[in-house]
Amino acid sequence: MTLSKFNGPGLSEEQWKTVRTVATALKPQQALWLSGYFAGLADAVRPEAAHLVTAGLGSGTAASPAAARTLTILYGSETGNGGSVARRLAEKARTAGLDPALIDMADYKPRRLKEEQDLLIVASTHGEGAPPASAAGFFEFVEGRKAPRLDGLRYAVLALGDSTYEFFCGAGRRIDVRLAELGAERLRERVDCDVDYDDPAAGWIDAALAALAPVAPPPGAVPAAASLAPTAAHDKRNPFPAIVIENLALTGRGSSKETRHVELSLEGSGLVFEPGDALGVQPRNDPALVEALLAALGLSGGEALTLKDEATTLGVALDAVLEITAATPRFLDHWAELSGAGTLKDLAGDARTAFLRENHVIDIVRRYPVAGVDAAALAAGLRPLQPRLYSIASSAKAIPDEVHLTVSTVRYDLNGEERFGVASGQFSRHAGPETVLPVYVQENPRFRLPADDAPIIMIGAGTGIAPYRAFLQEREAQGADGRTWLLFGERNFDSDFLYQTEWQGFLKDGVLSRMNVAFSRDGAEKTYVQHRLLEEARDVYAWLEEGAHLYVCGDGSRLAPDVYRALAAIVAEQSGRGKAAAEEYLAALQESRRYQIDVY
């Protein structure tokens, strides 16, 4: 059928001409969006529908201007993805005529929940099923005994996660189940998103907003999904091609690990960042791994392939578009189907988790070969290659047009072969000067220097030292005279004292007031930064009482909880008020953003 065969009810020739012009210019996704938009608009302006809602006789799942229900969008985000999706959701809600309140879970007063009417939640998962550190307080309240009944609340949850972890999207699953237990009504079923979350997130956003019966946008507003104007800003979807200026090893001879200092040019990018932010780097796969995978499959790499409506070749896709290192549950299920291997199909529970941990994509392909597999069949089981985030180790005020990173090379043996992390391996072996790397800035507003010259205590281990280099460069550039204290931990003094001469320079110039170090493998007993904190208990507590801001950066599974326990012991001992009071003290510091954590 063609459009010319239809005749809209009551449309003038001029109106019908406009409809045909717009319809033929739209892409399928834009047409789908407009169909939902006009359906919602029709419901909103239908007199009898408005009368029924006003009278309380309409559908329990459709809102309208007469209903005037409040809408809150809550997000919990560890790396910024959740915040980005939530902002996109809020923008589309406003375009649809809604008036959402967009709030980070870290800033939300959980006791307000009983006052909410419509609630949309974007929840990221950190590690094995845990909520982001900034959302821990919200989860603790909602899952605790003090959580109120929420019988009048309608909600929907979008869960973000990484399927390589056992408790995939655990935080989103938990909050979805808990809200239902408290009596809230689920507007739409939860959607669990893997790292390639863009498409499922967009679908959930449309479904969630449709359930809220969006109304006409303000005059002159352009529907977000139908906007055809490209953006010039560089972000995750449009990274800037940065050129590597310098890439050198920070660790010395004899070190048991490799840590590198990388400098990139941002000249002409327009990218803006502050100390505490991260740089997203879109890596490429190891060329040797690409060749090994093609050889194992009996393919050349020149095979034609279409990914998201774009024509490419298998070789290009394996090089820079698809994740080909870690095996995911999605790939395992896909390859089990292609190969017909009963061993793969029977994997479940702990055995399945262990298998994925002990085998990469290349290992599975080699052990369970599939004769005649084509490019499309392989790509169907692989997820998109995701950017990696690195704490920025420089200040734009001190070093304009550049960004510095501190990168620890991930290197290990698996199944008789040396393996590397995707991005860190590229930095280690394939990112010399003049290499071009796509990058963007990921803001981290929850890891910021105080606006005034308040004293700061910086605690970090390994590459967790990176943001503190930026902090001190920033303070020096600003001429700030607030006191600064750095506690740094690594393995060995001789080989692993990262940026040693720079810290010595900062100490000499008075930019750094005090420094304590802990090198865990230099003595008979292992000593870590939390031990240095306990040794300096009196001064640590005195600084906190004098208004110091405290920062922790590094490993989230060990460093952050160990430091917390040390701080709780220090406060309990020095204040003489006991464990419970010490935990309340630290909670108050976190609430006032004087205790900030950036972990990975």
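**Close-up views of a predicted model**

**View 1. Packing of helix 10 and helix 12.** Helix 10 (residues 329-339) packs against helix 12 (residues 349-358) at an angle of about 100°, and their axes lie 11 Å apart. Helices (H or I, at least four residues) and strands (E, at least two) are DSSP runs, numbered from the N terminus. Axes are lines fitted to C-alpha atoms, for helices over the stretch in contact, and angles run from 0 to 180 degrees between N-to-C directions. Helix 10 is therefore roughly perpendicular to helix 12 (a term for angles of 65 to 115 degrees). Pro329, Leu332 and Asp333 of helix 10 meet Arg352, Phe355 and Leu356 of helix 12; contact means heavy atoms within 4.5 Å.

View 2. The strands follow the order 19-18-17-20-21, with parallel pairing. Strand 19 (514-519) and strand 21 (595-599) are at the edges with a single partner strand each, so one side of each has no neighbour in the sheet. Two strands pair if DSSP finds at least two bridges between them.

**View 3. Strand 20 beside strand 21.** Strand 20 (residues 549-554) runs parallel to strand 21, and five bridges join them. Gly554 is opposite Val599 of strand 21.

**View 4. Confidence in the model.** The protein chain has an average pLDDT of 88, and 85% of the residues score at least 70; pLDDT is the predictor's confidence in each residue, from 0 to 100. Over residues 214-218, pLDDT stays under 50.

**Notes.** Residues are numbered from 1 along each chain as its sequence is written, and side-chain values use heavy atoms, without hydrogens and water. In this predicted model, local features need pLDDT of at least 70, side-chain atom pairs count only at pLDDT 80 or more, and totals for chains, interfaces and linings use all residues.

Notes: Parallel < 35°, antiparallel > 145°, perpendicular 65-115°, else oblique.
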